[in-house]
Every structure is written in C-alpha cells, then in structure tokens.
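Please read this briefing alongside the sequence and the 3D view. It goes topic by topic.

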Amino acid sequence: MDWQTLSALAADGLAVGSLYALTAFGLTLVYGLLRVLHVAHAGVYAAGAYAGWLAFRGGGGLGWALLAGAGCAVALGLVLEWWFYRPLQGRSPLVALIGSIGLFVAVGDLLRILFGPYQHSLPVLPPRTVVGPVSLPQVVVVAATAGLFLVVYGIATRTPLGVGWRAIAQDAEMAAAVGVPLPRYTQLAFALASALAGVAGVLVGVYYNQVYPTMGAVPAYKALAVVVLGGLGSPWGTVAAGLLLGVVESVAVAYLGNRFPPEGVAFLAMMLVLLFRPQGLLTAEPQG
Amino acid sequence: MYAVTVFTQLCIYAILTLSLNLITGLAGQVSLGHAAFFGIGAYVVGVLTTHGIPFAPAWLVGGVLAAGFGLLLGSISLRLREDFLAIATIAFNFVVVAAFLYLPYFGGAYGISGIPKPLGNAGFPLLVLATTLGVVWFHERVRASDLGLAWMSLRESEVAAEAVGVDVRRFKVTAFVLGTGLAGLAGGLYAAYIGVIRPEDFGFPLSVTLLAMVAVGGMGTLWGPLAGAFVLGGFAQAFAFVHNYQLVLYGLLLALVMRYRPQGLLGKLG
C-alpha cells in the first residue's frame, strides 16, 4: 500500500473518529454523573444536524450552522434533563434506559415527519484537497474537534466545574454533602454534552454532505460501542477509542470492501471486548 | 380474511411479548435484541422448509437454535452489568441482522420467499392460536413455580437473592434460554404464515417495539404484555393512517409511561 492511499485512509479515519469521539464523549460524561445510558443523546445529535441544515438553508455559513446546531442541541438536552432524567433519579436505571430509547426513536421519527424521509444536502464546504490527499472538510472536522476538546480539557482540569464533575462521578452523595451543587452541575454537563453532539451532527452533515432522519441511528449504536471500548465512564478513554475506531474502520473498509458490514464488525469487536475486557480497552482497572 | 390475518399477527406479537416478559419482566434482564431470536426461528423455518423439510421439524429446530443462541447471550450476560447487558443485546441484534444480510443461503436483502404454509388457510391460524394459549399457560405455570419466584428474587436484588441461596447464574441463563426459545417458535410461525421474510423484519426497531409493548403494558404481569401486544399492535393495524406516525407514537408513549408510570399501565408498584 502506497503512502498516498495510506495517508488518505488515515485522514478519513481521523475525521470520522473525531466525530465518534465528539458524540460519545457526552454519553460518557452523562453516564459518569447519572449512571444512566443517555441513548436519546443520538436524537440530540440528529436534531443538531437538522438545525445546522436549516441555518445553512436560511443563508448562514459554516459558523452559523455550527452555532445553530449546538444551540438547538443544548436546548433539547436541557429539556430532556429537566423533564426526564432528573425526576427519574433514584429509580432503577432500567426505567430511564427504556424511556431514553423511546425518546431517541421519537426524535428521529419526528425529524422524518417534519422534514421528509429523504436526505438533504449540506454543501457548506467544497471537498477540494488541501495538502496531498487531505481534503478541506477533513481539516475542518479534525481542527474543530481538537479545538473543542482543548476547551473541554481546560474545563475538566482547571475549573471548579471539572472538579465537581469528578467528585459527583466518584460519589454523588458525598459530593453533595461537601457542597457541590448537583442539579446545576448536572445541567451544565448536559449542556456541554449536547453542544458537542450538536456540533458533531452538523460536522457529520458537512462531511458527508447530507442530513437525514435516521442519521442518529448508526452513531447511536456506534457511540455505545465507542463508550464500551473506551471504558464506560472514562471520558478520555472514550476520545481515544473514538479515534481508534474511526481509523480501524476506514482501513478495514478499504481492505475488505463491502464483504463485511462495518456495523456488524464494530459490534462483534464490542461484544468480544465486553466478554474479555469489560473495563474497556484502555482503562487499567475495572470501573466501579 | 382480514380479521383472521390481524388476529394471527397479534397472537404472534403476544408470544413475543410474553417470552420477553420472562427475561425482562420476571428475571429483570433487559433485552433489546429479542427480534434477533424471532428472526433466527423465522430464518431456520424459511431455509429448511424451502429445501423440502416439513414444517414441524423445521419449527422445532428453529426454536432450539434460537434457545441455543439465547444460551450464548445468557452466558455473556453473566459477565455484564445491567447497562452493558442492554448494549450487548443491541449489538447482538445488529450482528444477527448483518448475518442474515451477508451470509450466503439467507438471500441477502431480498430474504427468503415462497415459504410454504402448512395446515391451510383455516388450520394455520388455529395452530398459532393454540401455540399462543400454550405460551400463556406456560408463562403462568413458570410464574407460579419456584423458577418464577427465583427470577423475581434476582430481579428485585441479585445480592439478596444470592445471599438466600438462589443460584443467580443458573436462573439468569434459564430465563434467556426459555424466553429466546419461545421467540424462535414465534419466528417459525411468522415465517410460515407470511411466506416472505427479509432481514429488516427482525431489526432493532422491532426489539424496541416489543420492549415498549411489555413496558407500557406492565412488566412482570400476564395481562401487561398481552394488553401491550393486542392494544399497541392492534392500534397500528386498526388505523392505517397511524402507520406513518407509529414509531414517534411508540417512542413518546414509552417515554411518557416510563416518566409518569414506570411500572406500566397494568403493573403494580413493587
């Protein structure tokens, strides 16, 4: 395999992996705080993508599309937290999980009913190449992801909010007892998670030049796979696992073509990880 | 006749919801891959009967094979916590549908057609009805037995169940084997009744629909899953216009019931 092909695959893999990481990060963050699998997160992502598409259709550029996507996603995420997740705290996690799947299905189908079952194109960026085989959308996606995670890293390590999140993740009751404002910090976590998902939705739309109602489906399951591979509740493991899955998939598709369904392979890998390393590929110790 | 067709379909849903109720409602193990076992039973009957094997042995093989995969998933479940189990069952559903799509002999996206229907147009619905009644009887027998009590104890608290001597591992696996085996039998009936099966008939959306039927009706009861199958399934059949809004309605209903009445419409608070 020559250098040209290899770097093209790596660029595509990194871009796709960035998008996985952006989506899955929020899932891990919410899980760490609430111990609930926020499946409706993928609905938030799809809603963000549609908001970005509407902004673009209304005459906005990439910046406006991203802003609209993030804004709509944050609004939806906060509503879900307020109406659904908060009142169900303390109940069996099954209740929230089942309802969350319902919410995810409802959001996706609502998008289909509102905007039609077909794909809408989102030609914000021309797919021209920048350096060698690397295209402009790839550069934008990777740069935006890197920038966002830099900000998130800053929040997580240098602010009381980040310390509070880690405290809640370790022991919510104790954190509340020492004065961490649980409800507000949880809201902020949902806001951040949803903003990242909304940006990811718009970027996916830009990268593949399409948004469609069931676009949440594949990332929904893939984000679950990424979260498992990275170790549930381990945010930076999730980021690494997202990037890894993107690159591996891109190389695998190039070599194996369509003989194997990528989803089937991703899930087979995930089931093997669940069986033999349930704590995740990258975490050293089993998660509580 | 249309009414018979609808009723047969609803009976198949009822077998599915009751079998899922054994796993999720009684034993407390969430499964979001129930449609996969339904599909395994259907594909076994589809492949075998179109190769000249009679329905009865094909049907049994389908049920046994589905139960075999249930044994596999049940054994996997022993290693996983609740949340991981939910993800693993979703993954299992996807892997199985991918296998239907990509493995040879399964007809790819076109699936299998021309599956013969035994017993004629009058006899077959009776077989479905008899099977449904048999499953209802079995469901109630199990619920009242030591097995059912053991399941409910591990649903309420695995730690407590283990402390009083319930063999948690064995009972979890038994729940999966029995529930998935019955789903496989439902699949065999479906394949022979409809005559044409495709991979997407057994995808994740059906698993969600089945879980919705059980959860909305009331997990762990008899009437909950039955009402879920007949009311939710019948609603979609009765009003054709609903079809376009079916998923959004199921989704919202699921979220609303979980939010305001988590025990289901017919369930009691534990």
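Is A:Lys222 buried or exposed? A:Lys222 counts as buried, at 5% relative accessibility. Here buried means under 20% relative accessible area, exposed means over 50%, and partly exposed lies in between, with a 1.4 Å probe and protein chains only.

This is a predicted model: local features need pLDDT of at least 70, side-chain atom pairs count only at pLDDT 80 or more, and totals for chains, interfaces and linings use all residues. Residues are numbered from 1 along each chain as its sequence is written, chains are lettered from A and ligands numbered from 1 in the order in which they are written, and side-chain values use heavy atoms, leaving out hydrogens and water.

**Salt bridges**

- Side chains of opposite charge can pair when their charged atoms come close.
- A search of the whole structure finds four salt bridges over all chains. The term means a side-chain nitrogen of Lys or Arg within 4 Å of a carboxyl oxygen of Asp or Glu.
- One of them joins A:Lys222 to A:Glu249, at 3.2 Å from N to O. This pair links distant parts of the chain: A:Lys222 sits in helix H9 of chain A and A:Glu249 in helix H10 (residues 235-256) of chain A, 27 residues apart. Helices (H or I, at least four residues) and strands (E, at least two) are DSSP runs, numbered from the N terminus.
- A:Glu249 is buried, with a relative accessible area of 12%.
- A:Asp109 forms a salt bridge with A:Arg112, and their closest N and O atoms are 2.8 Å apart. About one helical turn separates A:Asp109 and A:Arg112, because they are three residues apart in helix H4 (residues 93-115) of chain A.
- A:Asp109 counts as buried at 6% relative accessibility, whereas A:Arg112 counts as partly exposed at 22%.
- A:Glu81 forms a salt bridge with A:Arg86, and here the closest N and O atoms are 2.9 Å apart. A:Glu81 is buried, with a relative accessible area of 2%. A:Arg86 is partly exposed at 32% relative accessibility.

- In chain A, the axes of helix H3 (residues 62-85) and H4(A) come within 12 Å and cross at roughly 135 degrees. Axes are lines fitted to C-alpha atoms, for helices over the stretch in contact, and angles run from 0 to 180 degrees between N-to-C directions.
- H3(A) and H4(A) are therefore oblique to each other. Angles under 35 degrees count as roughly parallel, over 145 as roughly antiparallel, 65 to 115 as roughly perpendicular and the rest as oblique.
- H3(A) and H4(A) make a right-handed crossing. A crossing is right-handed if the near helix is turned clockwise from the far one by less than a right angle, and left-handed if anticlockwise.
- In chain B, the axes of helix H6 (residues 146-156) and helix H8 (residues 168-194) come within 10 Å and cross at roughly 110 degrees. H6(B) is therefore roughly perpendicular to H8(B).
- The crossing of H6(B) and H8(B) is left-handed.

**Positive phi in loops**

- A:Arg35 is not a glycine, yet its phi is positive, near 55 degrees. A:Arg35 lies in the loop between helix H1 (3-34) and helix H2 (41-57) of chain A. It counts as partly exposed, at 39% relative accessibility.
- A:Asn209 is not a glycine either, and has a positive phi of about 55 degrees. The loop between helix H8 (182-208) and helix H9 (217-230) of chain A holds A:Asn209. A:Asn209 is partly exposed, with a relative accessible area of 34%.

**Surface and buried positions**

- A:Val130, A:Val131 and A:Val139 make a nonpolar surface patch of about 240 Å². Patches are made of residues with over 30% relative accessible area and no salt bridge: like charges are joined within 9 Å, nonpolar side chains (Val, Leu, Ile, Met, Phe, Trp, Tyr) within 5 Å. Accessible areas come from the Shrake-Rupley method with a 1.4 Å probe; for residues, only the protein chains shown count as cover.
- A:Val131 belongs to strand E1 (residues 129-131) of chain A. A:Val131 is exposed, at 57% relative accessible area.
- A:Val202 is in helix H8 of chain A and counts as buried, at 0% relative accessibility.
- B:Tyr190 is in helix H8 of chain B and counts as buried, at 12% relative accessibility. B:Tyr190 and B:Gly46 are 144 residues apart in sequence and 9.8 Å apart in space, C-alpha to C-alpha.
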